[in-house]
Amino acid sequence: MRMFFVLSRLAWRYLWRNHRRTIVMLSAIAVGTWAMIFMTALTRGMVDQMIVDGISVIPGHVQIHDPEYLDDPSVNNRVAFSDTEIAARFSDAGFTAWASRVRVPAVVTSERESRGVTLLGIDPAAEKSFSFVDYDNVDGRFLEGPDDKGIVLGAKLAETLETRVGKRVVLMSQDPDNEIADRGFRVVGLFHAEMEATEESYTFVGKHTAQNMLRIGDTVTEVVFLGDDYRDVEPVYNKVVGLVDDSVRVSRWTEVDTYLGTMMGMMDGFMLIWVIVIFLALSFGLVNTLVMAVFERIREIGLMLALGMKPSSILGQILIESMMLLAVGLVIGDFLAWATIKPLESGIDISVVAKGMEMFGAASVLYPNLDINDVILSNVVVMILGFFASLSPAWRASRYEPVEAITKV
Amino acid sequence: MSAVRCIDLCKTYRQGDVDIKALDHLTVEIEKGEFVCLMSPSGGGKTTLLNAIGGLDIPDSGEVWIAGERIDQMSKGELADLRLANIGFVFQAYNLIPVLTAQENVEFVMQVQGVSSAERRNKSFAILEEVGLKGLEGRRPAEMSGGQQQRVAVARAIVSRPELVLADEPTANLDSKTSTELMELFTELNEHHNTTFVIATHDQRVQAYAKRLVRMLDGRIVDDVEQHAA
């Protein structure tokens, strides 16, 4: 501890001996750290938004289906239990939220156009926790109950179909006997979503109305459950598994939407690679700074060795100097990142590139996400890699022969 | 027990294609409390001998004993411990640590030795006053004259009362008055604390203070005489 104090004082003083060089290096570390964290926050914000949007469209953290449903999402592959039995099993099980629904492919036709859509037969009250649709931000109105006879289309789909609130459309699908099941609906509302693709893909009708149209009685194709955190769905998953038998398949959202699931895993890997790439650029400057710092004080290192300082202490002094440089740079970089990300947390409008962003499922407003774990990871990785990068110049300094070092000009 | 014993020391440096014998089968013994002056023309081997005695340089052959311990076979760490505990160095060019103040430079060795903060402070203030630098404790080397820096270096060398002080041309950059003050300080330490001094120098004024004069030439001792100090 005593020696650590001696070495720390020396390291700190030597750091500021050539203050211009130290400031340049600190700036590089701070900007590098800022870039690491800022870019990570933007990317994580985008990916989080994609996942949250994706989950709210799919929706839910855990789902129950017929074992064949994910491969063939047709009305023939319905959950084995009746909707009444489902309610009995899950109503009092303590889930944050859950809902059963009919979800099948269908075709919606106006007097001018037809489009393939995903038909969602829902109970609006049960769906409220899941839905990406803001019930209060619907042109017209949203569904009022499972028996509602109206249909809610996406605003973009209505535009494509050249229809509007108050007009009628025909919804067509297949019943369990593979006969056409169709019905006319009055458009009661047009919903808005972050992405046009969502507005074009989904249509909402009352659950009971859908069941009647499809002639499936009191059955559904999907039951969805919500947990507290989409990153950790195991508690919900295990609870659901405990309440059902082998006649149904229980899936985490990452299994239902493998693209989004992979995206989440990729994000952590991307973060690490990004930190390492930035650090590699920084490390050239760091090692150069240390080599120069050692080179310009060879005599002083020789003097310290001659006075009785051990080579290990010289090694420690240079390493402490490097760690101090990195630590100060990281603190400045962390602060810069925080100061620039915080004001942007309410969202960055990237609508000018919305079309491009939508191609891979991102919305037109980007919400940077400053995750403390990302900050810790980048700081720890930089300190660890910085330690190893500093070993070489520190080792060289500790290997000097005092008599040679002290006479260096 | 001798303070320093060198037996048949050889050290050869290669300069281009030429081998230079810095120490040529040199044997010398210095008793505790002696005040020895090594003299030689440039390249005569006195600095090499000082470095060998201080464990800063390892001879090609021969033995070096300090206070009864053979040091030419010690590891770097053991040599560092030996220097820290037993030897004070004064180099020709002041060789202070530029980022530390005068007081911190003086405290440096004691700090590495593990001396308590209060004791370090008391000793460093006292020794700086003794070498005439009272009031300059907070100055860094760049803010002091050459003579003042050399006095700080001397203060650092003697503050922890080492048994042996090795000084290489300690007065080379000092004016006459400062040189005299420095040598009087060395003499006082030698007489009152029985500190052994080995000083390599060309300076006639320094030689006048020595109790023993060792003349070297081409790495060998050519004359070794005792004299009465001035």
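A salt bridge is taken here as a side-chain nitrogen of Lys or Arg within 4 Å of a carboxyl oxygen of Asp or Glu. By this rule, 4 salt bridges cross the interface of chain B and chain A. The model is predicted, and every value below is computed from it.

The interface was examined first. In it, 28 residues of chain B are in contact with 26 residues of chain A. About 2,400 Å² is buried between the two chains. Carbon and sulfur atoms give 62% of that area. Three residues of chain B stand out: K76(B), V99(B) and Q111(B) supply 24% of the area that chain B buries against chain A, more than any other three residues.

K76(B) also takes part in a salt bridge. Its partner is E401(A), and the closest N and O atoms are 3.2 Å apart. On the side of chain B that touches chain A, the elements giving two or more residues are α2 (76-86) and α3 (102-113) of chain B. The residues of this side divide into 14 nonpolar, 7 polar and 7 charged. Between the two chains, 9 residue pairs are in polar contact.

Chain A is divided into two domains. Domain 1 is made of two segments, 2-54 and 261-406. Domain 2 covers 60-256. Taken over C-alpha atoms, the centres of domain 1 and domain 2 of chain A are separated by 48 Å.

Over all chains, the count of salt bridges comes to 38. One of them pairs R17(A) with E300(A), with the closest N and O atoms 2.9 Å apart. R17(A) lies in the loop between α1 (2-15) and α2 (19-57) of chain A, and E300(A) lies in helix α11 (residues 298-307) of chain A, so the pair ties together parts that are 283 residues apart in sequence. R17(A) counts as partly exposed, at 32% relative accessibility. E300(A) counts as buried, because its relative accessibility is 11% and the cut-off for buried is under 20%.

The side chains of R101(A) and E222(A) form another salt bridge, at 2.5 Å from N to O. This pair links distant parts of the chain. R101(A) is in strand β2 (residues 97-109) of chain A, E222(A) is in strand β9 (residues 222-226) of chain A, and the two are 121 residues apart. Both R101(A) and E222(A) are buried.

A salt bridge also joins the side chains of E234(A) and R252(A), at 2.6 Å from N to O. E234(A) sits in helix α8 (residues 234-243) of chain A and R252(A) in strand β10 (residues 249-252) of chain A, so this pair ties together parts that are 18 residues apart in sequence. E234(A) is partly exposed, with 31% relative accessibility. Elsewhere in chain A, salt bridges that share partners join R101(A), R103(A), E127(A) and E222(A) into one network.

Within chain B, helix α1 (residues 46-53) is mostly covered. Of its 8 residues, 7 are buried. They are K46(B), T48(B), L49(B), L50(B), N51(B), A52(B) and I53(B). The helix is followed by G55(B), whose phi is positive, near 75°.

Q207(B) belongs to another helix of chain B, α7 (residues 204-207). Q207(B) counts as buried, at 9% relative accessibility. Leaving out residues up to four places away in sequence, Q207(B) touches C37(B), M39(B), T201(B), H202(B), L213(B) and Q227(B).

Backbone angles were considered last. Most residues other than glycine have a negative phi. N194(B) has a positive phi of about 60° although it is not a glycine. N194(B) is placed in the loop between α6 (176-193) and β8 (196-200) of chain B. Its relative accessible area is 36%, so N194(B) is partly exposed.

D218(B) is not a glycine either, and has a positive phi of about 50°. D218(B) lies in the loop between β9 (212-217) and β10 (220-226) of chain B. With 43% relative accessibility, D218(B) counts as partly exposed.

Terms used:
Residues numbered from 1 in each chain as written. Chains lettered and ligands numbered in written order. Predicted model: local features only at pLDDT ≥ 70, side-chain atom pairs only at ≥ 80, totals over all residues. Heavy atoms only, no water. Domains from an automatic or database assignment. Contact = heavy atoms within 4.5 Å. Buried area = accessible area lost by both parts, 1.4 Å probe. Polar contact = N/O pair within 3.5 Å; in protein donor to acceptor, adjacent residues only side chain to side chain. Helix = DSSP H or I, 4+ residues; strand = E, 2+ residues; numbered from the N terminus. Nonpolar A, V, L, I, M, F, W, Y, C, P; charged D, E, K, R; others polar. Buried < 20%, exposed > 50% of the residue type's maximum accessible area, 1.4 Å probe, protein only.
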